[in-house]
Amino acid sequence: MSHETLPLEFFQQLPKSDLHVHLDGSMRLSTILDLAAEQGVELPSRDPEELRKAMNLGQNCGSLVEYLKAFDVTLKVLQTEEALHRVAYELAEDASREKVRYMEVRYAPMLHTRRGLRLTSVVEAVLGGLRAGREAFGIEANLILCGIRNISPDSSLEMAELCVAYKGRGVVAFDLAGAEYDHPAKHHRAAFQLVRDNNINCTIHAGEAYGPESIAQALHVCGAHRIGHGCRLREDGDLLHYVNDHRIPLEVCPSSNVQTGAVKDLARHPLKLYLDLGLRVTVNTDNRLVTDTTVSRELWLCHLKMGMPLDDVKTIVMAGFKSTFLPFHVKQSMLREVNADLARFHADGTIDPAPLALQTPKPVSSTRGTAVSAKPHAEA
Ligand SMILES: [Zn+2]
């Protein structure tokens, strides 16, 4: 590891993407308390610090199943359109504050129908929140809809149908999340078939709480275009080379991987190995609240705990923008901008001033007015 380490603040200024971020795991703690009070919902505690402890925020949970328990709390307050709109908007605000330019936010709409919301309303409320976030903060975002491994394949198929209905309207992909052990992706193959028949992208959480067989199944049976986590890919060299040769992106979430027990600690995370072997690795938050993190913090930890020099971090940032589910020409122009922006950042910790074009918020597409209090973009 080098003697000089760059501070977190340096990473906060880098342009970034977040391709693996769960809406229901990335809300603000204060918003949970607010919404619970508004809706008369019971929480494990009304005290922020106690609630933080009860939800294991940022704590090692030992397993993915334990980690997922925090979502029992967040989902309780996310059963109305107003709540969904609000958390999507706030996520866009939080991400834009740390210079995330583009985000693919994921969640499972069927988990938000307990109070009778229709699936279409669940999707539109979140799209509306992200649109308002774009208008207020200039951050681009799209949605990925998830099926859940430990819920029925029929439900996954219904989510796949929802992806088809909202293709080209803000939904860019289908994902399979949830308990990986004992719940193979192939049970949900009908959902993947429908999505692929409609030329829609898919990504799958795999190799997190199960071995490389799960990654092979995601790729070869379900046709995944990206892999969520992929921690255990290193156990199968042949598959690893296949993933590398086909430039299949891995959506790595380092701190989350430690929290769920997928890797022992950051120093032993396979990310650096994957990068050195040439794999297309991206770094993401997974859950801003549950993992208590940001993209900047994850990149900083790569630098600090895995010994990555700035050039490695820049490679990862570029890999993120290369791996988006955006149309090719949109992706190309975003990549050109990001590449130029990254050249301002130097390994000695200095940052050249941004050209004027980057200092002003992007002109926003003039869509309808929004219901939220869209504050003017604060100059950094
Ligand atoms: Zn995830």
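In which helix is Q217 found? In this predicted model, local features need pLDDT of at least 70 and side-chain atom pairs count only at pLDDT 80 or more, while totals for chains, interfaces and linings use all residues. Residues are numbered from 1 along each chain as its sequence is written. Helices (H or I, at least four residues) and strands (E, at least two) are DSSP runs, numbered from the N terminus, and on this basis Q217 is found in helix α10. Because 18 C-beta neighbours lie inside 10 Å, Q217 counts as partly exposed; a residue is termed buried if 20 or more other C-beta atoms lie within 10 Å of its own, exposed if 12 or fewer, and partly exposed in between, with C-beta atoms placed from the backbone. Leaving aside residues up to four places away in sequence, Q217 touches P184, A185, K186 and C222, where contact requires that the C-beta atoms of two residues, placed from the backbone, lie within 7 Å. Between Q217 and G178, the separation is 39 residues in sequence and 16 Å in space, C-alpha to C-alpha.

Helix α10 (212-220) is also the element against which the buried residues of α11 pack. In α11, which comprises residues 237-245, L239, L240 and V243 are buried. These residues lie on the same side of α11 because they cover an arc of only 105 degrees around the axis, the arc being that of the directions from the helix axis to the C-beta atoms. The exposed residues G237, D238 and D245 are carried by the face of α11 turned away from its buried side. After α11 comes R247, with a positive phi near 55 degrees.

The strands are arranged in an open sheet of eight, in the order β1-β2-β3-β4-β5-β6-β7-β8, with parallel pairing; two strands are taken to pair if DSSP finds at least two bridges between them. At the edges are β1 (16-22) and β8 (281-283), each of which pairs on one side only. Neighbouring strands of the sheet are turned by 25 degrees against each other on average, direction ignored. Three bridges join β7 (residues 250-252) to β8 in the parallel sense, and V281 in β8 is the bridge partner of L250.

Helix α15 (residues 310-322) packs on the sheet, touching β1 and β8, and its direction makes about 95 degrees with that of β8. Axes are lines fitted to C-alpha atoms, for helices over the stretch in contact, and angles run from 0 to 180 degrees between N-to-C directions. Helix α7 (residues 119-137), in turn, lies across β2 (100-107) and β3 (140-148), and runs at about 160 degrees to β3.
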